[in-house]
Amino acid sequence: MEGMSIIVKKVSQLLAGLIFVYGIYIILHGHLTPGGGFAGGAIIAGAFILLILANGSSALNLKKEISGSSNTESLAILMVVVLAMMSLAFGVKVFFSNFLPKGEPGELLSAGVIPLYNIFIGIEVAGAILTIFLALVIFKEESSK
Amino acid sequence: MEAMIPLFVAIPLISAFLIVLLSKLINGFHKIFAPFSLLALLFMAVYIFTNLDNTSMTYAMGGWGLLNDLPIGIFLVLDGFSILMLGIINIIGFIALFYSLSYISKYTAESNYYALFCLIIAGMNGVVLSGDLFNLFVFLEVSVISSYALVAFGVGKTELEASFKYQVLGGLASMLILLAIGLIYWKTKTLNIADVRNVMSGGFSRPYYIFVQVLLLTGFGLKAAIIPFHAWLPDAHSSAPSPISAMLSGVLIKAVGIYVLIRLFFNMFEFTHEIAVVFTVLGTISMVIGSLVALVQWDVKRLLAYSSISQMGYIVMAFGMGMILLIKGDNEPAAILAIGGGIYHMINHSVFKGLLFLNAGALEYRLDTRDLKQMGGLSKAMPVTSSTSLMASMSISGLPPFNGFFSKLIIIIAAVNGKFYILAVLAIVISIITLAYFLKFQHYAFYNRTPLKSLDKIREVPFPMTSSMILLAILCLALSLLALPSVNEAVLHPAIQVLMQSDLYSITLIP
Amino acid sequence: MSVYILSFVLFLVGLYGVITRRNLIKIVISLSIMEFSIFMILVLVGYIDNGLAPIVDPASGGQIYVDPLPQAMVLTAIVIGLATTSMLMAIAIRLYRKYKTFDIRELKNLRG
């Protein structure tokens, strides 16, 4: 896939970091404001997709990236299930129980394990959307050959 | 024992993602890990089944239990009916996976196959256990999305085309189901199946709920491939890799189609006469048309797929008759027979249809064709495949002493007792037609003079495939024991109990 | 009331597209339109007149909030929709590679 003009490249490089940080903000404040893992993860994936679209990439690089993103995704979703299982070991013996201290409502560090779930789900969603995007791009590259 | 319930979903999920991660590092990891995790599930299902004494268990996710007798969290419910389904899913799942060990080695990206297989099992276990409408929808989507991918796994022209058709119709069905769930939530302000029942029994506006019922019937009817909604099934089930066809035809259409229909219409809605008649009529139509179309098929797996539609018709018809008899309320023994026969036939069908698809897979594995006209005389070359498929064919067409005979007999006796004479005659006639097209299958595949030039080069399939076929054939014989009154009492009775006393489900969850 | 009717009209637009379009990609788009009309109905189910966004602030009690459960449902359903749409797209691209066309009339290996 070819890149775009120098203006697009430069602007996207400037914007991508900003979008990335905004995604992290949405994920970390998931238990306080609207948003959370899915929305933030989608934004983070958007930052990566913007960079790839603007700068272009060879099929070889894309294949390397897709294995990385799919590994990250599997690892993150595995961590979510492990977190859910961890609550079987701590405190009350139930699945998905909130075993950490709850803290004050409205604080950043509160709500027990929910921010942790948000973080891992954010990584998972970012990885998954990036994987889907890369897979479709690779399909298209291969069929246009 | 309650703590084991969420593991039915968690173990296959974990193994799916572990397989994706570790199979790149460790060579052959997926081939060892996936069968063991499914075997563990099978043992858990058997353990719970032997220790579940006629009661149901509920499990509150995250400890969010009842608040003022109202459910506020997600519940998993396990009772007599769902444990039977869990047993079927995990037995057929394990055997099909074991069969895949050698069958699937001709494809690339093997580890993805095993991961998707684990996901499909996780989704179906979740559907069967879930006590919450929306949660049920999510698990249903998990299993059907992985089945879309598995149908297209061969990435040939036909596979992709079948998968696209399957996805468009499946997506339509999912939307109708989601709309129905939204409408139910609108009126009742709850999603828990037991709680919906309690709220509805306080009085409801009839047209609204009939609309919801029709939406649900269409949505899950599409998933179960009852006849006006069957268009995707012959393509999807015949194009998938054979172990997956066995899973789809044997288990998936029952777990996400029939099981949910029965659960919702018996335990959530107060069933009405109209819906009961619709069930019976749809069942009868699928029974008749499915078998008539199967008669003219020359593609082995397509023949088996149409035969699935026909056999699903038997099951739906049996449940429909049970509903009508229960509404009339004057002939309870016949209703018990009809419902029991339906559940029994459902178990049997998953066993023999699974076996038949595995046989078809064995033929395809050696001959690279599914066309009956290009086969013949294979009974000498492939003795195990031939004998097991003969047993399965006799079983599905209802010859004694195989399991299919007894379940069809029970359904026919129920029809006669309930004074549905036309349906009884139709059931017998269709059974004969079933025998006809399975005789055709047997004749052209195994006993006819062969058009093959190099018959002596064809050998029996490898050990994992033969052993899983033999295992299922033994199950075909063993399941006929369920017709004995004492065994029937122990195994099928809890399930019949749940469906007969339709309040039982909601009472055990919300006292 | 008109909002419900409009989302139903949107549903019918999607259904019309699925039935009449011949292009694989357009069928996928029509399916997405149907999906989103149902999401809109679901969100409307939980709407309460003059309700606030369901973020409970301990300082001000006694407010009316809209029902958060349908919103959570819609969010989950969007994730599922993403999975189905990407799956369909992947299959459509693969089909294009095999048949060199997106026209559904050219796909006729499976009949009857």
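Modeller: Let's start at Ser397(B), which lies in the loop between α14 (383-396) and α15 (403-417) of chain B. Helices here are DSSP runs of H or I, at least four residues, and strands are runs of E, at least two, numbered from the N terminus. This is a predicted model: local features need pLDDT of at least 70, side-chain atom pairs count only at pLDDT 80 or more, and totals for chains, interfaces and linings use all residues. Residues are numbered from 1 along each chain as its sequence is written, chains are lettered from A and ligands numbered from 1 in the order written, and side-chain values use heavy atoms, with hydrogens and water left out.

Colleague: Is Ser397(B) buried or exposed, and why?

Modeller: Buried means under 20% relative accessible area, exposed over 50%, and partly exposed in between (1.4 Å probe, protein chains only). Ser397(B) counts as buried because its relative accessibility is 4%.

Colleague: What does Ser397(B) touch?

Modeller: Contact means heavy atoms within 4.5 Å. Leaving out residues up to four places away in sequence, Ser397(B) touches Lys408(B), Ser431(B), Thr434(B) and Leu435(B). Its side chain also reaches the backbone oxygen of Ser393(B) at 2.5 Å.

Colleague: Now a strand. Which way do the side chains of β4(B) point?

Modeller: In a regular strand the side chains alternate between the two faces of the sheet. In strand β4 (residues 75-78) of chain B, Phe75(B) and Val77(B) point one way, Leu76(B) and Leu78(B) the other, and all are buried.

Colleague: And which strand pairs with β4(B)?

Modeller: Two strands pair if DSSP finds at least two bridges between them. Strand β1 (residues 57-60) of chain B pairs with β4(B) in the antiparallel sense, over 4 bridges. Met57(B) stands opposite Leu78(B) there.

Colleague: How do I read the area buried between chain B and chain A?

Modeller: Buried area is the accessible area (1.4 Å probe) that two parts lose on being put together, summed over both. Here that comes to about 1200 Å², with carbon and sulfur atoms giving 78%. On the chain B side, Ile14(B), Phe17(B) and Leu21(B) lose the most area to chain A, together 38% of what that side buries. The contact takes 14 residues from chain B and 15 from chain A.

Colleague: How far can I trust chain A?

Modeller: pLDDT is the predictor's confidence in each residue, from 0 to 100. Where pLDDT is low, the predicted coordinates should not be read in detail. Chain A has a mean pLDDT of 82, and 93% of its residues reach 70 or more. Within chain A, confidence is lowest in helix α3 (residues 59-89), at a mean of 80, and highest in helix α1 (residues 6-28), at 89.

Technical notes: Polar contact = N/O pair within 3.5 Å; in protein donor to acceptor, adjacent residues only side chain to side chain.
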